[in-house]
Amino acid sequence: MDIIQIGSFTILFKWFLLGVAILFGIVLIKVLLLRLPNREQNKAIFDLLTNSVFLGFFIWKGSLLLTEPSLVIKSPLSLLYFTGGRSGLILAIIFSIYYFIYRARKLDISMLVTLKYGLLFSFSVLSVYHFLFATFVEDNFIYHVLIGIYSLTNLILILVKRILSSYKSFFSVIVLFSFYKIILSLVLINENTVFIFSMEQWFFIGLIILSLYLWDRKLQ
């Protein structure tokens, strides 16, 4: 199954799976926050997370203006039916991360705590999405299973072992995951490249560089 028809709307099945994974991530974070005593802080973190997700969605939809400007000019309603694809999704993630960190710095909450829940959300979405993809889509099965297992492992370690005790540990998790993702995609997936790497690989290379730059710096 490549597409899903909902009334007059047509959506790629992989984007539907991503939507399910995002919904799961939001619910998980809500449940985790409900277990903590400070309701005001919990609400601030949850609102920041959901606002970042919604911002990312609208940027993803609007990125069609950049990826397919001629289509939008001919049919403005295409913004309702189509997205900017994978390139638009990467752009949406970048802006969502920037917004999340920018707004988190203005909250009267520990930046490390806020980043922890952002990372928990990310790994929950990644693990669910890749497991769903491996289950329902017959494409790059091993790649998606391996990414799903690694994401789930990180999620469990953060929850159980409390491994995010400092900014260095936070950025270590990001760097290790980024290297893992890049290596697996180079070995198991054939993608269109831009100067050797694909757009997704460049994104994770950027995450590695940014993480190393912020390694010893305080974000708040």
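How far apart are the end C-alpha atoms of residues 169-189, and what percentage of the span is helix? They lie 29 Å apart, and the span is 95% helix and 0% strand. Keep in mind that this is a predicted model, where local features need pLDDT of at least 70, side-chain atom pairs count only at pLDDT 80 or more, and totals for chains, interfaces and linings use all residues. Residues are numbered from 1 along each chain as its sequence is written, and side-chain values use heavy atoms, with hydrogens and water left out.

**Overall fold**
- The protein chain has ten helices and two strands; helices (H or I, at least four residues) and strands (E, at least two) are DSSP runs, numbered from the N terminus.
- Along the sequence the pattern reads β-β-α-α-α-α-α-α-α-α-α-α.
- Of the 220 residues, 42% count as buried (under 20% relative accessible area; exposed is over 50% and partly exposed is in between, with a 1.4 Å probe and protein chains only).

**Annotated spans**
- An unreviewed UniProt entry puts "transmembrane region" on residues 12-33, 45-67, 79-101, 113-135, 141-160, 169-189 and 195-215; such annotations may be inferred rather than shown by experiment.
- For residues 141-160, the end C-alpha atoms sit 28 Å apart, and that span is 100% helix and 0% strand.

**Nonpolar core**
- The largest nonpolar core has 54 residues, and I29, L119 and F170 have the most contacts inside it. Such a core is a set of buried Ala, Val, Leu, Ile, Met, Phe, Trp, Tyr and Cys residues joined through side-chain atoms within 4.5 Å.
- At least two residues of this core come from each of α1 (13-34), α2 (39-62), α6, α7 (111-136), α8 (141-160), α9 (167-188) and α10, with α7 giving the most, 13 residues.
- Leaving aside residues up to four places away in sequence, I29 touches F46, L49, Y117, L120 and F121 (contact means heavy atoms within 4.5 Å).

**Second largest pocket**
- The second largest pocket is lined by 13 residues, with I94, I97, Y98, I101 and L210 nearest its centre. On a 1 Å grid over the protein atoms alone, a pocket is an open set of points where a 1.4 Å probe fits, with protein on both sides within 12 Å along at least five of seven lines; lining residues have an atom within 4 Å of a point.
- α6 (85-104) and α10 (199-213) each supply at least two residues of this lining.

**F179**
- F179 sits in helix α9 and is partly exposed, with a relative accessible area of 42%.
- F179 and L207 are 28 residues apart in sequence and 9.8 Å apart in space, C-alpha to C-alpha.
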